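Reader: I am new to reading models like this one. Please take me closely through a single part and what lies around it.

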Amino acid sequence: MARPQPATLTAHHDCEFREMLDRVGDKWSLFSELKRAVPGISQRMLTATLRSLERDGLLTRDVYAEVPPRVEYELTPLGKRFMQPVRALVAWLQLNWPTIRAARDTFDRRSQSRKAS
């Protein structure tokens, strides 16, 4: 089976898909590509995450004294190695998303039935 391309992630502007990434993202800090790929990530949260990643040695930050100021981030060798399991996780989510969605729908229907009873 062909592996889904990372660009297909941007087609999922579904808040439930975002929820799954959040579940992992609060334990594994994902990178700024997610700001573009997944709607709803605030600049404040992105900045805090990038600072944490810099502290952990996963990226470097260069500030340029320009108008307007410019900041560039680059993955360190450690950060590049970290991207391998992150890409695998995203590929797993994409591959298994229909099953996850079906499980959620089943759970929600059961929950609705219980509330109605």
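Author: **A loop residue and its surroundings**

Thr76 sits in the loop between strand S2 (70-75) and H4. Helices (H or I, at least four residues) and strands (E, at least two) are DSSP runs, numbered from the N terminus. This is a predicted model, where local features need pLDDT of at least 70, side-chain atom pairs count only at pLDDT 80 or more, and totals for chains, interfaces and linings use all residues. Residues are numbered from 1 along each chain as its sequence is written, and side-chain values use heavy atoms, with hydrogens and water left out.

Is Thr76 buried or exposed? Thr76 counts as buried because its relative accessibility is 13%. Buried means under 20% relative accessible area, exposed over 50%, and partly exposed in between (1.4 Å probe, protein chains only). Across the protein, 26% of the 117 residues count as buried.

Now look at the contacts, meaning heavy atoms within 4.5 Å. Leave out residues up to four places away in sequence: Thr76 then touches Gly57, Leu58, Leu59 and Thr60. Take Leu58 next. Apart from neighbours within four places in sequence, Leu58 is in contact with Leu53, Glu74, Leu75, Thr76, Leu78, Gly79 and Phe82.

Leu58 and Leu59 also belong to the largest nonpolar core, together with Leu46, Leu50 and Leu53. Such a core is a set of buried Ala, Val, Leu, Ile, Met, Phe, Trp, Tyr and Cys residues joined through side-chain atoms within 4.5 Å. Helix H3 (residues 43-55) gives the largest share of this core, 3 residues.

Go back along the chain. Pro68 is in the loop between strand S1 (59-64) and S2. A cis peptide bond links Val67 to Pro68, with omega about -5 degrees.

Go forward instead, and you reach H4. Helix H4 covers residues 77-116, 40 residues in total. From first C-alpha to last, H4 reaches 54 Å, close to the expected 58 Å. That expected span is 1.5 Å times one less than the number of residues. H4 has a kink of about 60 degrees at Asn96, shortly before the proline Pro98. The bend at a residue is the angle between axes fitted to the seven residues ending there and the seven starting there. The buried residues of H4 include Gly79, Met83, Val86 and Trp97.

Step back for the overall order. The protein has 4 helices and 2 strands, and along the sequence they follow the pattern α-α-α-β-β-α.
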